[in-house]
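Please look over the sequence and the model before reading on.

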Amino acid sequence: MRSYDLAVIGSGPGGYVAALYAARHKLKACIIEQGLLGGTCLNKGCIPTKSLLNSVSIIPKLKNISNFGIALNGYSIDFKKMALRKDEVVSRLRKGIETLLKANRIEIINGTGILKSADTIAISGQENVTAKMIIIATGSRAAELPNIKIDNDVILSSDSMLDIKSPPGSLIIVGGGVIGCEFASIFNKLGTNVTIVEMAERIMPGQSREVSRRLEYNFKKSGINILTSSVIETAEIKDNITVKMSGGQSVSGEKVLISIGRKPNIEGIGLEDVGIRVRDGNISVNEKLMTDLPNVYAIGDCVSGPQLAHKASYDGILACDNIMGLSRIVDYSGIPNCIWTDPEIASVGLTEESAKAISNDVKIAKFPYLASGKAYIEGETDGFVKIVGTPAGDILGVEIFGKDACNLIGEAALAMARHIKICDWGRVVHGHPTLSEIFPEACHVFMGTPIHIMQGSV
């Protein structure tokens, strides 16, 4: 029977990062994976969707290229080549993970891991594995509607959406959250007639109302149809597929994408047999990510908290630190949200609404991209940065709507994590001309000393 210091069940961005981190600290580790290395994020999530988003982001630039003094005699879209590039990116990164694991002497065990005891894992078709410590990192899968069955042909999940051979003429997206809106951005630019059906009163309900309204305006301007406060009742397939909603409204299309969130993969891994509880559909863990068994931890999408790849990696390192004797407590308040729509959306901490729901003592400052020299140079003036803070100058949250928001949010996350005062953040010198200058500009607005906008203009 093979024995390890640490056995990790699952190789997504939580599992493989945990294994690598443990190996760097001289622990003998293995990864048990029933599918492809990299999990959903690499194979059917973050990486392939962002590859497609990167490809289609070039299209609006081509349409407006004459504004920059360049003449083109038309262009064409080769979706097969776009999809091939996506697959090549995924394959290259997967091989990179495999190389890292092998270089760190982490054994990769192919099979389904099932907990048999506090230190024993059964693996389909192979001998059992024992480990002093275990991390469960089994991830999540696309959630389904009880009344509409995904057939991966006409009614698609976010997984099978990435496998289509050509853009559909029309697409109905059920769910106006992050996944749905990113796919809407992709296929709208590819010429698909896109309709978003969202049961909430607005799309992107996890972001501020202002950002939600701005995105909805941009989507509608680009031709995306949006139906909010709409609950799906049935889907009928004839020549096309017709989705019927409560209230008698209906919409027809060539394909339907169900993107209503994700469900943890926690069934069939032996949790009940070893006495690990499940709460609200997630593996129950304490503030150190320890389950009911002191040597078994759980991380990523199978525990509560935001279902994000970078949150899973954070969990994996934190769990390993606690396994190695540190006493780290989970804190998700500084986990950034990144949404690759057009424009991009990113946030960290509290939104304006969530901050005001907690306290009336909240101060807001905004700076528009329109007043940024770099944004103007790039022709990307649609957007703003918003700082949510206390009157004393403590950062409660930052939200960005605009070009490169997902890259820029890292600076805001660092400022929050290090408890930097807004007045001190405003004194940090940023290169010029860069988009990152929006931060000190917004800080000056917060402090009542705006530089490149008029007082009270935002």
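Is the crossing of α1 and α10 right-handed or left-handed?

## Packing of α1 and α10

The model discussed here is a predicted one. In it, the crossing of α1 with α10 is right-handed. The axes of α1 and α10 (residues 309–323) come within 8 Å, and they cross at roughly 35 degrees. On the α1 side, V17, A18, Y21 and A22 take part in the meeting of the two helices. Their counterparts in α10 are S313, G316, I317, C320 and D321.

## Strand β1 and its partners

Helix α1 (residues 15–24) belongs to a right-handed β-α-β unit, together with β1 and β2. The two strands of this unit run parallel and are joined by four bridges, with β2 covering residues 29–33. Within that pairing, V8 stands opposite I31 of β2.

β1 also runs parallel to β6 (residues 126–136), and seven bridges join these two strands. R2 has V129 of β6 as its bridge partner. Of the eight residues of β1 (residues 2–9), six are buried, so the strand is largely enclosed by the rest of the structure.

## Hairpins around β5

β5 takes part in two hairpins. With β4, the hairpin has two residues between the strands. Four bridges join β4 (residues 113–117) to β5 in an antiparallel arrangement, and G113 has I123 of β5 as its bridge partner.

The hairpin of β5 and β6 also has two residues between its strands, and here G125 takes a positive phi near 75 degrees. β5 and β6 run antiparallel and are joined by three bridges. I123 stands opposite Q126 of β6.

In a regular strand, side chains alternate between the two faces of the sheet. In β5 (residues 120–123), T120 and A122 point one way, whereas I121 and I123 point the other way. All four of these residues are buried.

## The sheet of β12, β13 and β14

Three strands make an open sheet in the order β12-β13-β14, with antiparallel pairing. Its edge strands are β12 (232–237) and β14 (250–253), each of which pairs on one side only. On average, neighbouring strands of this sheet are turned by 20 degrees against each other, direction ignored. Five bridges hold the antiparallel pairing of β12 with β13 (residues 241–245). T234 has K244 of β13 as its bridge partner.

In soluble globular proteins, nonpolar side chains tend to be buried together. The largest nonpolar core in this model has 33 residues, and those with the most contacts inside it are F187, I196 and F219. At least two residues of this core come from each of α3 (46–56), α5 (79–103), β9 (170–174), α7 (178–189), β10 (193–197) and α8 (209–221). The most is given by α7, with five residues.

Neighbours within four places in sequence left aside, F187 is in contact with M161, I164, P167, P168, L171, T192 and V194. Another core lies apart from the largest one and has 29 residues, among them I395, I409, M416 and I438.

## S51 in helix α3

Where is S51 found? It is found in helix α3. The relative accessibility of S51 is 5%, so this residue counts as buried, the cut-off being under 20%. With neighbours within four places in sequence left aside, S51 is in contact with R85, K86 and V89.

Note on methods:
Residues are numbered from 1 along each chain as its sequence is written. This is a predicted model: local features need pLDDT of at least 70, side-chain atom pairs count only at pLDDT 80 or more; totals for chains, interfaces and linings use all residues. Side-chain values use heavy atoms; hydrogens and water are left out. A nonpolar core is a set of buried Ala, Val, Leu, Ile, Met, Phe, Trp, Tyr and Cys residues joined through side-chain atoms within 4.5 Å. Buried means under 20% relative accessible area, exposed over 50%, partly exposed in between (1.4 Å probe, protein chains only). Contact means heavy atoms within 4.5 Å. Two strands pair if DSSP finds at least two bridges between them. A crossover is right-handed if, with the strands pointing away from the viewer, the path from the first strand over the helix to the second runs clockwise. Axes are lines fitted to C-alpha atoms, for helices over the stretch in contact, and angles run from 0 to 180 degrees between N-to-C directions. A crossing is left-handed if the near helix is turned anticlockwise from the far one by less than a right angle, and right-handed if clockwise.
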